[in-house]
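Open the model in your viewer and keep the selection tool at hand. The stops below take you from one site to the next.

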Amino acid sequence: MQFLDEARILIKAGDGGNGCLAFRREKYVPRGGPSGGDGGHGGDVVLLSTDQQNTLLQFSYNPEHKAERGRHGEGSNKTGADGRTIEVLVPVGTVVYDEATGERLFDFTESGQRFVAAKGGRGGRGNARFTTSTHQAPTEHEPGRPGDERRLRLELKLLADVGLVGFPNAGKSTLISRISAARPKIADYPFTTLEPNLGVVQLDNYRTFVVADIPGLIEGAHTGAGLGIQFLRHIERTRLLSHLVDVSEASGRDPVHDFEIVMQELSSFSEDLAQKPMIVVATKMDSAQDPERVAALRQVAADRDLPFFEISSATGQGIDALKFAMADRVLASPAV
Ligand SMILES: Nc1nc2c(ncn2[C@@H]2O[C@H](COP(=O)(O)OP(=O)(O)OP(=O)(O)O)[C@@H](O)[C@H]2O)c(=O)[nH]1
Ligand SMILES: [Mg+2]
């Protein structure tokens, strides 16, 4: 069971540029005044929170973030340019720890917060800065200071974007194992799943969403029957429900009836939950021989104006289409 997303990153702020040692050269002036400019400051590494991301997955591709160094100072009192600061986006909810000490450094609670996680090194002073009335030709000049370098551990409590609901044995756990790295127990009997499982679904390097697989719901769940109801609060904050209905013959059940029962239980738990955007998913299409059963469920979905998908986690039929349909709805809607 994975409720926490974690990433380890190395950040390195830019070093400061060195101060310059130089003297003016002028026509007819044998030895001009000191003119070594200061080095530029190194860039910082700033963590910036965004609500456009909801996992730390991108850090597995980019575990190192370095800011630019400051340029060295030059003659003619030219100060080196400062290094550019870089911003590293982290999802809201990320907690930042110093990996070495375990110290909690920052807690991102809303979008747009900035945390300077590594400070750039100061530029060194050039020799021009060391001039005094009694010290007219200084040769002192400083090296730039190194930028901070540290290892951070990022932690994010995953919040599900999509909740999988349905009757026990409908194929919820099988679906999440098909579209994410989650590996919940799957078995051919009801009530296999005893606690919610979360899985991160990845569309490409940057777009991900989180799916929650919860125990199945049965009739009377809201009065305490079965297991599922106590877990509905886990999906109260999701943006979308995928309602899975087994349409195979093997189930010996009536898909439309199963659908209605689950809808009834959802609204008994909370009207908000029942009103959430929903996709209806006919599962186990590989062993659905009777087109009537599928058609009946499709009709129910149409009556309620809900999108309808047919999938088989066994053969892969319809899985990608469903994945992208879920992503479209999740990534289009604002955070709850
Ligand atoms: N033929 C076929 N069987 C499937 C498919 N998807 C799931 N199953 C089978 O259906 C059974 C139940 O699957 P699960 O994924 O455990 O169902 P669940 O909805 O998580 O069940 P609970 O956790 O009890 O609520 C297992 O034996 C699966 O192998 C499918 O696409 N085709
Ligand atoms: Mg299950």
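Keep in mind throughout that this is a predicted model.

**Stop 1: the metal**

Select ligand 2, the magnesium ion, and show the side chains around it.

**Stop 2: the aromatic cluster**

Select Phe106, Phe108 and Phe115, which make up one aromatic cluster. How many aromatic pairs are there? The count is two. Begin with Phe106 and Phe108, whose ring centres are 4.6 Å apart. Their planes meet at 55°, so this pair is tilted. Then turn to Phe106 and Phe115, with ring centres 4.9 Å apart. Here the planes are at 15°, so the pair is stacked. Phe106 takes part in the tilted pair and in the stacked one.

Phe106 is partly exposed, at 23%. Phe108 is buried, with 1% relative accessibility. Phe115 is also buried, at 14%.

**Stop 3: a charge over a ring**

Select Tyr97 and Arg153. The charged end of Arg153 sits over the Tyr97 ring. Its distance from the ring centre is 4.5 Å.

**Stop 4: Asp98**

Move on to Asp98, in strand β5 (residues 94–98). Asp98 is buried because its relative accessibility is 10%, and the limit for that label is under 20%. Which residues does Asp98 touch, leaving aside neighbours within four places in sequence? They are Glu103, Leu105, Arg150, Arg151 and Leu152. Zoom in on Arg150. Its side chain and that of Asp98 are joined by a polar contact of 3.4 Å.

For a sense of scale, draw a distance from Asp98 to Phe309. The two C-alpha atoms are 45 Å apart in space. In sequence, 211 residues separate the two.

**Stop 5: the nonpolar cores**

Select Leu47, Leu154 and Leu266. These three touch the most other members of the largest nonpolar core, which has 56 residues. Next, show helix α3, residues 255–269. This helix gives the most to the core, with six residues.

Centre the view on Leu266. What does Leu266 touch, not counting residues up to four places away in sequence? The list is Val165, Leu217, Leu232, Leu241, Leu273, Ala274 and Met278.

There is also a second, separate core, with 23 residues. To find it, select Leu164, Val201, Leu203 and Val330, which are among its members.

**Stop 6: the loop between α5 and β14**

Select Leu306, which lies in the loop between α5 and β14. Leu306 is buried, with 18% relative accessible area. Apart from neighbours within four places in sequence, Leu306 is in contact with Phe259, Met278, Val280 and Ala301. Now draw a distance from Leu306 to Arg69. Their C-alpha atoms are 54 Å apart in space, and 237 residues separate them in sequence.

Stay in this loop and select Asp305, between α5 (291–303) and β14 (308–310). Asp305 is exposed, at 70% relative accessibility, whereas Leu306 is buried.

**Stop 7: two backbone angles**

Turn to the backbone for the last stop. Most residues other than glycine have a negative phi. Asp305 is not a glycine, yet has a positive phi of about 65°. Ser76 is another non-glycine with a positive phi, here about 55°. Where is Ser76? Look in the loop between β3 (64–66) and β4 (86–91). Ser76 is exposed, with a relative accessible area of 62%.

Terms used: Residues numbered from 1 in each chain as written. Chains lettered and ligands numbered in written order. Predicted model: local features only at pLDDT ≥ 70, side-chain atom pairs only at ≥ 80, totals over all residues. Heavy atoms only, no water. Donors = N, O, S within 2.8 Å, 3.2 Å for Na, K, Ca; no water. Phe/Tyr/Trp six-rings, centres within 6.5 Å; stacked < 30°, edge-to-face > 60°. Buried < 20%, exposed > 50% of the residue type's maximum accessible area, 1.4 Å probe, protein only. Lys NZ or Arg CZ within 6 Å of the ring centre and 35° of its normal. Core = buried A, V, L, I, M, F, W, Y, C linked by side-chain atoms within 4.5 Å. Helix = DSSP H or I, 4+ residues; strand = E, 2+ residues; numbered from the N terminus. Contact = heavy atoms within 4.5 Å. Polar contact = N/O pair within 3.5 Å; in protein donor to acceptor, adjacent residues only side chain to side chain.
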